[in-house]
Amino acid sequence: MAERDIIFLVGKEEYGLDVTFVTAIEPMMDIVPVPNAPACVLGLMNLRGEVIPVYSLRKRFGMEEQDDAAKNKLIVARYDEKSIAFKVDEVKEIIECTPDK
């Protein structure tokens, strides 16, 4: 059975996330900082009434933050009934992956 992945960029590297976990891909929006949060947590956002933590993959990977609002996206994922948003540099495409036999 084929799996569909969302391919996104952080720096020059491409990463993939199974589309079944993704609930939304949003443009950058207002993020409220959280005092004393880890550096990779940018803050909280309100998406259609749900308060969601926003996590910077650039900061987590030890890179400098890069603000290109035209390309930066928030990938909102849901797992185990919890939502989190990942700030990424760019969302490239959705691909279909077939497992190797």
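Trainee: In what order do the elements of the chain run from the N terminus on?

Mentor: This is a predicted model, in which local features need pLDDT of at least 70, side-chain atom pairs count only at pLDDT 80 or more, and totals for chains, interfaces and linings use all residues. Residues are numbered from 1 along each chain as its sequence is written, and side-chain values use heavy atoms, with hydrogens and water left out. Helices (H or I, at least four residues) and strands (E, at least two) are DSSP runs, numbered from the N terminus. The chain has 1 helix and 8 strands, and their order is β-β-β-β-β-α-β-β-β.

Trainee: What percentage of the residues of the chain count as buried?

Mentor: Buried means under 20% relative accessible area, exposed over 50%, and partly exposed in between (1.4 Å probe, protein chains only). Of the 101 residues of the chain, the buried share is 31%.

Trainee: Is serine 83 buried or exposed?

Mentor: Serine 83 lies in strand S7, which covers residues 82-88. Its relative accessible area is 12%, and the cut-off for buried is under 20%. Serine 83 is therefore buried.

Trainee: Which residues make polar contacts with the side chain of serine 83 through their own side chains?

Mentor: A polar contact is a pair of N or O atoms within 3.5 Å; within protein, one must be able to donate a hydrogen and the other to accept it, and residues adjacent in sequence count only if both atoms are side-chain atoms. Contact in general means heavy atoms within 4.5 Å, and beyond its neighbours within four places in sequence, serine 83 has contacts that include Ile52, Pro53 and Ala77. The polar contacts of its side chain are at 3.1 Å with glutamate 50 and at 2.6 Å with arginine 78.

Trainee: What is the phi of asparagine 36?

Mentor: Most residues other than glycine have a negative phi. Asparagine 36 is in the loop between strand S3 (22-27) and strand S4 (41-47), and counts as exposed at 82% relative accessibility. Although asparagine 36 is not a glycine, its phi is positive, at about 65°.

Trainee: Where is arginine 48, another residue with a positive phi?

Mentor: Phi of arginine 48 is near 50°, and this residue is not a glycine. Arginine 48 is exposed, its relative accessible area being 66%. Its place is the loop between S4 and strand S5 (50-56).
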